[in-house]
Amino acid sequence: MALEQLCSVLKVLLITVLVVEGIAVAQKTQDGQNIGMKHIPSTQCGIWVRTSNGGHFASPNYPDSYPPNKECIYILEAAPRQRIELTFDEHYYIEPSFECRFDHLEVRDGPFGFSPLIDRYCGMKSPPLIRSTGRFMWIKFSSDEELEGLGFRAKYSFIPDPDFTYLGDCQFELSGADGIVRSSQVEQEDKTKPGQAVDCIWTIKATPKAKVLL
């Protein structure tokens, strides 16, 4: 009798664990799908965006007034060798204040809240075109307990990094019993100019059944 009761208890515990894990997996899948969204719903407050194309995001409830006591963080991530451009719709209003100390939009040049500050924005005039110097941009929208406004809607797009120039012919091929891979080959063979970024490929060809050791 005791053995049957023990088996029943273990069966209930197993079912409970499976249900909890199923809920967790479903939530994780939903979160993963949100990460890749191009157009973030205005009801969503903050997200990390990793998409190959651009998109939009807005303050909560836009184009209706945003709610009080909100803090939304949006992190934009471009692909390597790309930068981010951020533009805002003309229909824009965030409670004006001296140095935007109350409701405001804060934009930083990087992926963190301590990355270099680009500026703080509020008032009736939408911000100008904003460009990152790297592949990340950190944006925080904050509202206090009173005087809510229309908010904002922003469009982000990814552009090529102007400091990077790709030279497709920077390739080298090595063969034989041994050899040396030297970065100095790039300048010696005029594959790039001083101060210019470049991708180079070294291809090492070995004889059949041989291995390559570096």
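The largest pocket holds about 290 Å³ of space. This is a predicted model. The pocket has a lining of 17 residues. Gly176, Ala177, Asp178, Gly179 and Ile204 are the ones that lie nearest its centre. Sorted by class, the lining of the largest pocket contains 10 nonpolar residues, four polar ones and three charged ones.

Serine 175 comes next. It sits in the loop between strand E10 (171-174) and helix H2 (184-188). Is serine 175 buried or exposed? Its relative accessibility is 54%, so serine 175 counts as exposed, the cut-off being over 50%. Serine 175 and isoleucine 204 are 29 residues apart in sequence. In space, their C-alpha atoms are 5.9 Å apart.

At one end of the order, E1 pairs with E3 in the parallel sense, over three bridges. Isoleucine 47 has tyrosine 74 in E3 as its bridge partner.

Strand E5 (residues 104-108) pairs on two sides. Five bridges join E5 to E8, and four bridges join E5 to E6. E5 runs antiparallel to E8 and antiparallel to E6. Histidine 104 stands opposite serine 142 in E8. Glutamate 106 stands opposite arginine 120 in E6.

How many residues of E5 are buried? Five of its five are, and the strand is mostly covered. Both faces of E5 are covered. His104, Glu106 and Arg108 lie on one side, with Leu105 and Val107 on the other. These residues are all buried.

**The four-strand sheet**

A further open sheet has four strands, in the order E2-E9-E4-E7. Here the pairing is antiparallel. E2 and strand E7 (130-131) are the edge strands, and each pairs on one side only.

E9 spans residues 153-160. It pairs with E2 and with strand E4 (residues 82-88). Phenylalanine 57 has alanine 154 in E9 as its bridge partner. For leucine 86, the bridge partner in E9 is tyrosine 156.

| Strand pair | Sense | Bridges |
|---|---|---|
| E1 and E3 | parallel | three bridges |
| E5 and E8 | antiparallel | five bridges |
| E5 and E6 | antiparallel | four bridges |
| E2 and E9 | antiparallel | four bridges |
| E4 and E9 | antiparallel | seven bridges |

**Aromatic rings**

How many aromatic pairs does a search of the whole structure find? It finds nine. One of them joins tyrosine 66 and phenylalanine 141. Their ring centres are 4.9 Å apart and their planes stand at 80 degrees, so the pair is edge-to-face. The angle cut-off for that class is over 60 degrees.

This pair links distant parts of the chain, 75 residues apart. Tyrosine 66 is in the loop between strand E2 (55-58) and strand E3 (71-77). Phenylalanine 141 is in strand E8 (residues 136-142). Why does tyrosine 66 count as buried? Its relative accessibility is 1%, and buried means under 20%. Phenylalanine 141, at 0% relative accessibility, also counts as buried.

Phenylalanine 88 and tyrosine 92 form another aromatic pair. It too is edge-to-face, with 6.3 Å centre to centre and 75 degrees between the planes. Both phenylalanine 88 and tyrosine 92 are buried.

Ring pairs also build a cluster. It links Phe57, Tyr66, Tyr74, Phe88, Tyr92, Phe141, Phe152, Tyr156 and Phe158. Tyrosine 74 is the bridge partner of isoleucine 47. Phenylalanine 57 is the bridge partner of alanine 154. Tyrosine 156 is the bridge partner of leucine 86.

Note on methods. Residues numbered from 1 in each chain as written. Predicted model: local features only at pLDDT ≥ 70, side-chain atom pairs only at ≥ 80, totals over all residues. Heavy atoms only, no water. 1 Å grid on protein atoms, 1.4 Å probe; cavity = no way out; pocket = protein on both sides within 12 Å on 5 of 7 lines; lining within 4 Å. Points joined across faces, edges and corners; volume = space filled by probe spheres on them. Nonpolar A, V, L, I, M, F, W, Y, C, P; charged D, E, K, R; others polar. Phe/Tyr/Trp six-rings, centres within 6.5 Å; stacked < 30°, edge-to-face > 60°. Buried < 20%, exposed > 50% of the residue type's maximum accessible area, 1.4 Å probe, protein only. Pairing = 2+ DSSP bridges.
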